[in-house]
Amino acid sequence: MSGTAPKPADIRRWRQYLADELAEAAVYRDLAARRSGEERAILLSLAEAEGRHEEHWRGLLGDQVGATKRGALRTRLLGFLARRFGSVFVLALAQRAESRSPYDTDHDATSAMAADERIHEEVVRALAARGRKRLSGSFRAAVFGINDGLVSNLALVLGIGATGVPAATILFTGLAGLLAGALSMGAGEYVSVRSQRELLEASSPALTSKTVLTHLDAAANELTLVYRARGMSPEKAELHARQVLRTADVATNPFEAIDTRAVMPTVDEHEAVGTGWGAASSSFCFFASGALLPVLPYLFGMSGLSAIVLATVLVGIALLGTGAVVGLLSGGPPLRRALRQLVIGLAAAGVTYALGLAFGTTVG
């Protein structure tokens, strides 16, 4: 800045930046309060960095700091969520907030501050990725189950309703679709998870292998073949196998002396968890909860076009909600994801409605 007095517009902008930095630092401290270990230390370091940016704006303002302003609405909302939940959703929102930093184009912000904000985005992205990975399996099942229930049963209800059949027929058709789809989802998920677990078990080393290590011929050293089969080079496999054999005699459990990262296949921990019955019941409930919405108007005695419109509106709101949640978790624009979900879902239902109209006209 030159020696000239700052303009009122500049002072207002700096004060807003100062308020935003204070609010963002508070968000990171609130998130840190709900974390422990390395994640807590990282979040506190982010709060310290926001404090450095805060001092920059204080320095520019000098004695014109004035009363502390409130941060931007989205930052205050983020702080509210961080204090009460501290979940991956808040980290995903914080990631988007960091990506919208105005410092790249503001000549009053230093290049170091602009670079900090870009790096903060990557730090928060990495922290959010941990949470995304922890819930990726269950989240996928929830979104897929609910959306499948919403779209498939809405399509069924609209398609049947367009033919002009009585409301009672539509109701029982919708309930049958709900039950059939939920049972199908549950059965499919059970078979999928059971098959997956059986494949993982088939790839795990036999526990009886631990009893033979001390009897291997050190000269022939068949253990090298195990390591080579698991991806080690011949030289590394032989070296590691000899080290294992030297320690196997004194190990309480000789099999534990084997480097399981080399012997056992790399398995995604989130694919290995869960039971068939747990996956089946959750898929059943997710699908049923989505499939129930299109049937609600008929359950309450509605019929005709009003029931079709209300069912479509209910499903549309639910699709917007699930799309927004996907957008938040993925770090993408929630509105765009919500609209995408809505368009895809209603387009699929619209096709069956058009077919129902055509079929009803033909029959009539």
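Which residues form a nonpolar patch on the surface? The legends below start there.

**View 1. A nonpolar patch on the surface of a predicted model.** Phe 172, Leu 175, Leu 292, Leu 299 and Phe 300 make up this patch, and together they have about 520 Å² of accessible area. Patches here are built from residues with over 30% relative accessible area and no salt bridge, with nonpolar side chains (Val, Leu, Ile, Met, Phe, Trp, Tyr) joined within 5 Å and like charges within 9 Å. Accessible areas come from the Shrake-Rupley method with a 1.4 Å probe, and for residues only the protein chains shown count as cover. Leu 175 belongs to helix α6 and is partly exposed at a relative accessible area of 32%; buried means under 20%, exposed over 50%, and partly exposed in between (1.4 Å probe, protein chains only). A note on reading these views: residues are numbered from 1 along each chain as its sequence is written, and side-chain values use heavy atoms, with hydrogens and water left out. As this is a predicted model, local features need pLDDT of at least 70 and side-chain atom pairs count only at pLDDT 80 or more, while totals for chains, interfaces and linings use all residues.

**View 2. The whole chain, for orientation.** The protein chain has 14 helices and 0 strands, where helices (H or I, at least four residues) and strands (E, at least two) are DSSP runs numbered from the N terminus. Of its 364 residues, 38% count as buried. The accessible surface comes to about 19,700 Å², and 63% of that belongs to carbon and sulfur atoms. Among contacts (heavy atoms within 4.5 Å) between residues at least 6 apart in sequence, 73% join residues at least 24 apart.

**View 3. The largest nonpolar core.** A nonpolar core is a set of buried Ala, Val, Leu, Ile, Met, Phe, Trp, Tyr and Cys residues joined through side-chain atoms within 4.5 Å. Helices α5 (111-161), α6 (167-202) and α13 (304-330) each supply at least two residues, and α13 gives the most, with 6. Apart from this core lies another, of 13 residues, including Val 27, Ala 47, Ala 94 and Val 124.

**View 4. The surroundings of Tyr 298.** Leaving aside neighbours within four places in sequence, Tyr 298 is in contact with Val 157, Ala 167, Ile 170, Leu 171, Ser 303, Gly 304, Ala 307 and Ile 308.

**View 5. A salt-bridge network.** Asp 104, Arg 118, Glu 121, Glu 122 and Arg 125 are linked here; a salt bridge is a side-chain nitrogen of Lys or Arg within 4 Å of a carboxyl oxygen of Asp or Glu. Asp 104 pairs with Arg 118, their closest N and O atoms being 2.5 Å apart. Asp 104 sits in the loop between α4 (88-99) and α5, and Arg 118 in helix α5, 14 residues apart. Arg 118 also meets Glu 121, at 3.9 Å between the closest N and O atoms. Glu 121 is buried at 12% relative accessible area, whereas Asp 104 is partly exposed at 46%. Glu 122 and Arg 125 join at 3.1 Å, N to O; these two are 3 residues apart in helix α5, about one helical turn.

**View 6. Gly 278 in helix α11.** Gly 278 lies in α11 (residues 276-292) and is partly exposed, with a relative accessible area of 34%. Gly 278 and Glu 189 are 89 residues apart in sequence but 9.2 Å apart in space, C-alpha to C-alpha.
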